[in-house]
Amino acid sequence: MKSVFITGGTTGLGMELAKHYSSKGWKVGVCGRDRQKYDEAFITDRENVNFYQVDVANRDEIKKAIHDFSSSIGLDLLIANAGIGYKNKTKIPDFEYSYRMVHVNFLGVMYSFEAALDVMIPRGKGQLVAISSIAGYNGLPGASAYSATKSAVLKYCESLHLDLKQFNINVTAICPGFVDTPLTQVNHHPMPFLMKAPKAAELIAGAIKKKKMVYAFPFIFSSIVRILGILPRTWYRFIMSFKVANYSKE
């Protein structure tokens, strides 16, 4: 039986991924801060899905959970999915919340990968996956720390992809556009190409199976964002100064 551990696996995209792998017969470990969300989401999947009450920003907690989950069955796949975003996009950042975002969105990925590698390197196989975002390709107005953390995750995965080949460990960065989850449902602005979470999870699982280094979707939206990313930065900043592209508030 194969095994996967998913951080932030009790809601949204993480929950859909957990259900996908459980339906395929995988042993699944999920973690989150609220056990009630697990109880509500996995009424019929308890046999295959184990819950760990963990804050991914706590290095010791996430390491203990992953080591406990993998102690008897090993670990084939780690998906670092846990993340937070801004509820309100403002021109002056909420610095306290931004610091928390760095700990969850970036350090949480590092802590999860570290714990997984403790298991995978001795076994000589495994796959590490992190949920980045197409927001990581450019600095977006009103989303300073979010764009920064997702960009950091993308580059971190790219580096590890090069480093861990010798250990037969694959690394994948997933860069979704807007997915209909609790994270995006608080947005008060247009979300082009919004995708339902089950469909997004299906596409992500397919990219993971193919061991892609980077998978950005949906194709049209991600292509536009990546084109903006290769423009001269003065051009990009000029385009993003228009109100139609700038969602940040005073």
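Helices here are DSSP runs of at least four residues, numbered from the N terminus. Keep that in mind as we walk through this structure, which is a predicted model.

Glu158 has a relative accessible area of 40%, so it is partly exposed. Lys155 is partly exposed as well, with a value of 47%.

Now let us step back to the whole chain. It has eight helices and nine strands. Its C-alpha atoms fill a box of roughly 55 × 40 × 30 Å along the principal axes. For 250 residues, a compact globule would have a radius of gyration near 18 Å, and the chain agrees because its own value is 18 Å. Of those 250 residues, 52% count as buried. The accessible surface comes to about 12,400 Å², and carbon and sulfur atoms hold 57% of that surface. Look also at contacts between residues at least 6 apart in sequence: 66% of them join residues at least 24 apart.

What ties distant parts of the chain together? Salt bridges give us some examples, and a search of the whole structure finds eight of them. In one of these, Arg100 pairs with Asp55, and their closest N and O atoms are 3.2 Å apart. Arg100 belongs to helix 4 (residues 95–123), while Asp55 lies in the loop between strand 3 and helix 3, so to speak 45 residues away in the chain. Arg100 is partly exposed, with a relative accessible area of 26%.

Another salt bridge joins Asp118 to Lys63, with 3.9 Å between the closest N and O atoms. Asp118 is in helix 4 and Lys63 is in helix 3, so this pair ties together parts that are 55 residues apart in sequence. Asp118 is partly exposed at 37% relative accessible area, and Lys63 is partly exposed at 24%. These two residues also belong to one network of salt bridges that share partners, together with Arg59 and Glu114.

In one of them, Phe178 and Phe221 are stacked, with 5.8 Å from centre to centre and 20° between the planes. Phe178 is found in the loop between strand 6 and strand 7, and Phe221 in helix 7 (residues 219–230), 43 residues apart. Both Phe178 and Phe221 are buried.

Phe221 has a further partner in Phe193: their ring centres are 5.7 Å apart and their planes lie at 25°, so this pair is stacked. Phe193 lies in the loop between strand 7 and strand 8, so its pairing with Phe221 in helix 7 ties together parts that are 28 residues apart in sequence. Is Phe221 buried or partly exposed? Buried residues have under 20% relative accessible area, and Phe221 counts as buried because its value is 14%. Phe193, at 43%, counts as partly exposed.

Elsewhere, Phe5, Tyr52 and Phe69 form one aromatic cluster. Lys19 lies over the face of Phe42, at 5.9 Å from the ring centre.

Our last stop is Thr181, in the loop between strand 7 and strand 8. Thr181 has a relative accessible area of 8%, so it is buried. Which residues does Thr181 contact, leaving aside its neighbours within four places in sequence? They are Gly12, Leu13 and Ala197.

Conventions
Residues are numbered from 1 along each chain as its sequence is written. This is a predicted model: local features need pLDDT of at least 70, side-chain atom pairs count only at pLDDT 80 or more; totals for chains, interfaces and linings use all residues. Side-chain values use heavy atoms; hydrogens and water are left out. Rings of Phe, Tyr and Trp (its six-membered ring) pair if their centres lie within 6.5 Å; planes under 30 degrees apart count as stacked, over 60 as edge-to-face and the rest as tilted. Helices (H or I, at least four residues) and strands (E, at least two) are DSSP runs, numbered from the N terminus. Buried means under 20% relative accessible area, exposed over 50%, partly exposed in between (1.4 Å probe, protein chains only). A charge sits over a ring if NZ of Lys or CZ of Arg is within 6 Å of the ring centre and within 35 degrees of the ring normal. The radius of gyration is taken over C-alpha atoms; the globule rule is 2.2 Å times the number of residues to the power 0.38. Contact means heavy atoms within 4.5 Å. Accessible areas come from the Shrake-Rupley method with a 1.4 Å probe; for residues, only the protein chains shown count as cover. A salt bridge is a side-chain nitrogen of Lys or Arg within 4 Å of a carboxyl oxygen of Asp or Glu.
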